[in-house]
Amino acid sequence: MRRRTLLGGALAAPLLTACSGGDDDTDGGGGTTLTYGMWDPAQVPGMKKIIAAFRKEQPRISVRIELTPWATYWTTLKTSMRGGTAPDVFWMNAVNFQLYAANGVLEPLSGHIRSDRTPVDRHPEALVKLYAYEGTQYGLPKDFDTIGLWYNKALFDKAGITYPDETWTWDDVRDAAAELTDPRQRVHGFAAEMDRQMKIYPAVCGADGYVLKDGRSGFGDERSIEGLRFLTDMVDRGWSPPQSAMVESVGRVRYWSEKVAMNYDLSAMAGQMYAVPALKDHGGVAVLPKGRRRATIIHGLANVISAKSRKKAAAWQFVHFMAGREAAEIQAREGVTISSYEGTQDAWLKSMPEFDLKHFIEMQKYAVPYPSSKNTTVWENLQYPILGAAFSGKGGIESACRKLGGQMDRALKEERAV
Amino acid sequence: MSVFPATAAAKAKERRASEAAPRPGSRNQRAAYWFIAPLGIGFALFYFWPLLQTFYFSFTEFGAFGGHTFIGTDNYARVIQDVTVWQALVNTLIYSVIGLTALPIAIVIASLLNRRGLRGVSVYRALYFVPFVTLPVAVGLVWNWLYNGDFGLLNEILGWFGVDRHYWVSDPSTAVYAIGTVMVWSTTGYYLIIFMAGIKGIPQDYYEAAELDGAGALRRFFTITLPLLSPTIFFASVICMINSLQTFDLIYIMMGEKNPAIGDTQSVVGLFYKWAFIENAQGAAAALAFLLMVVIAALTYLQFRLQKRWVHYA
């Protein structure tokens, strides 16, 4: 979800000036100019192509991109919502969606979807549901991410272990992690990092536990605890660096520098993995190993319309276009993210033939949507401080989980009271 | 508040100035009001008005997208009941105690730099001052590299003496002190400049007389320098205390989000930032900010009360 944040911060400033007042704004014929809020500079070229294609279909509507770096995207958006200067159409994520929908600042799309027959069913169902609130659809997905098991074939060969595949369970991961760990080379078999989207949530769901269900926290649930124990156990046994070490170099960096043999990571990182020569050569990817059940976390961004927009009809035309096949194909060709439109992902798969990227798409079948509620950030912020010690090899994951469950329930109760 | 210390000499000058002040209502005095007007307006607009607003907002609940409702003292109840607030307060007090150690260090260096005949004083002064003018973000990043558990310089050096490698900023037992050390490192230069000026204000005759009487360097330091520097030390300690109580950026940069020691290092202002800008609890954050102001005011008052016991105005 926070991919390329550094890049976003560093590149956005010059791009901001490059985009606002850009060539899409040359509309003199009395047409409508929409503003489109997004945060990822890497996706600007692709978006410009989509906008050009849209323009061909709707010559009277032009779209101007408003790029805000990730670090300030949400505060800026909230402030501009209050001031009435928010973009007409903008990017939304699961963490923030319900807060916006519940406060009535997003335009309901269900009616439009029905009358214009927007191909919602061609997008992953779990993802579409993420952007519905109390039975009304407010956002249409544009892309998605799942988590896969990235592994280093060279390290596997050295240890004489066969590569991970669809048959792998947590036991296989544990066995392999033990074999792959080499303290003298400071190589670890696995990176059991404290990261909610990439490690904690997949492990909880893989153990058949849950993060959030019917307004209640699942962290106190025995199965959820079992999932987290799978992670902290790796730290306790020395098969994974402790969290205290991964504060300084995160699991992803350790995987890049071949100091970690297996790592759970996002599909969106494929491009960056591909840019590392060693990993392009001997990096592999497989579906997540099975715990009590198969699971991965799916998340993706959606396009939403501001309820305060004065150009809602045009905005809907644009959002409708972006939920269709043509826009998805352009996005996939640009290769940054996986388009959520079914059957348009081929271009992405082909862009990195050395990696078995198809697993990321297969995993949709059993993917669990990213858990969220009205004020997700509040209970998400409880996680790292409470779980930190257990992830650093200090033990006590069971009591930490129960404590987290209790505090999260309290936060959820407060959320409902508002 | 002035950057320069109220040294004994300056105090005396001030007294003389006030004796010679023009009578109320004179033309001179009206001119004075005009001169301080820009500052006064700035203070009212950017300090006093936000203060009143914060106080008001601390009794309200904010909507995520504008509007607020009056909810009485609920925010204060929340602040008082929240364990993380107390933890942050304790951490913040630890930072201020650690931060104060910059003062003795600065005094010792300042008195060494003030030795007669020492060459290249301005070079030293500049070198010591550089950390203070460097952005806390840059300081934090560099120190994170030095502290790094896997390849940091600190562990490397300790390794020569057989000390095991340690994750300084992510182990809850050392993180506060690791950050505190950086705070001291980056502020010592500032106090050094203040103390050097303060020492310069001490008449050289005292030292010469003491030397004739056979007092050694240490004796001169403790019986002349320290007592006569006490007004400066008092000023510096008040500033230092306030700065440490408001500390935020260095911790924010050095800790990151997933640090297991985050609860053990978070300052009150850090918590304020989290509430106000991430968790959408502006009302409670305002209450927290107001309480911090009360704490700072109380501690500063205490310092002013205690100064009578140890500060000598010559």
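**Close-up views of a predicted model**

**View 1. The second largest pocket draws the largest share of its lining, seven residues, from helix α20 (residues 397-417) of chain A.** Helices are DSSP runs of H or I with at least four residues, strands are runs of E with at least two, and both are numbered from the N terminus. The model is predicted: local features need pLDDT of at least 70 and side-chain atom pairs count only at pLDDT 80 or more, while totals for chains, interfaces and linings use all residues. Residues are numbered from 1 along each chain as its sequence is written, chains are lettered from A and ligands numbered from 1 in the order in which they are written, and side-chain values use heavy atoms, leaving out hydrogens and water. The volume of the second largest pocket is about 1600 Å³. Its lining has 49 residues, and A:V378, A:E414, B:R78, B:D82 and B:E279 lie nearest the centre. By class, 21 lining residues are nonpolar, 16 polar and 12 charged. (On a 1 Å grid over the protein atoms alone, a pocket is an open set of points where a 1.4 Å probe fits, with protein on both sides within 12 Å along at least five of seven lines; lining residues have an atom within 4 Å of a point. A volume is the space filled by probe spheres set on the points. Ala, Val, Leu, Ile, Met, Phe, Trp, Tyr, Cys and Pro count as nonpolar, Asp, Glu, Lys and Arg as charged, and the others, Gly among them, as polar.)

**View 2. Helix α11 (residues 217-245) and helix α15 (residues 282-310) of chain B pack at about 165 degrees, with axes 10 Å apart.** This angle makes α11(B) roughly antiparallel to α15(B) (over 145 degrees). Residues of α11(B) that meet α15(B) include B:F234 and B:M241, and those of α15(B) include B:L299 and B:W310. The contact has 11 nonpolar, five polar and no charged residues.

**View 3. Helix α9 (residues 196-206) and helix α10 (residues 222-236) of chain A pack at about 130 degrees, with axes 7 Å apart.** The two helices, α9(A) and α10(A), are therefore oblique to each other. A:K199, A:I200, A:A203 and A:V204 of α9(A) and A:S224, A:G227, A:L228 and A:L231 of α10(A) make the contact (heavy atoms within 4.5 Å). Five of these residues are nonpolar, two polar and one charged.

**View 4. A:R216 lies in strand β11 (residues 216-217) of chain A.** A:R216 and A:K413 are 197 residues apart in sequence and 8.7 Å apart in space, C-alpha to C-alpha.

Technical notes
Axes fitted to C-alpha atoms, helices over the stretch in contact; angles between N-to-C directions. Parallel < 35°, antiparallel > 145°, perpendicular 65-115°, else oblique.
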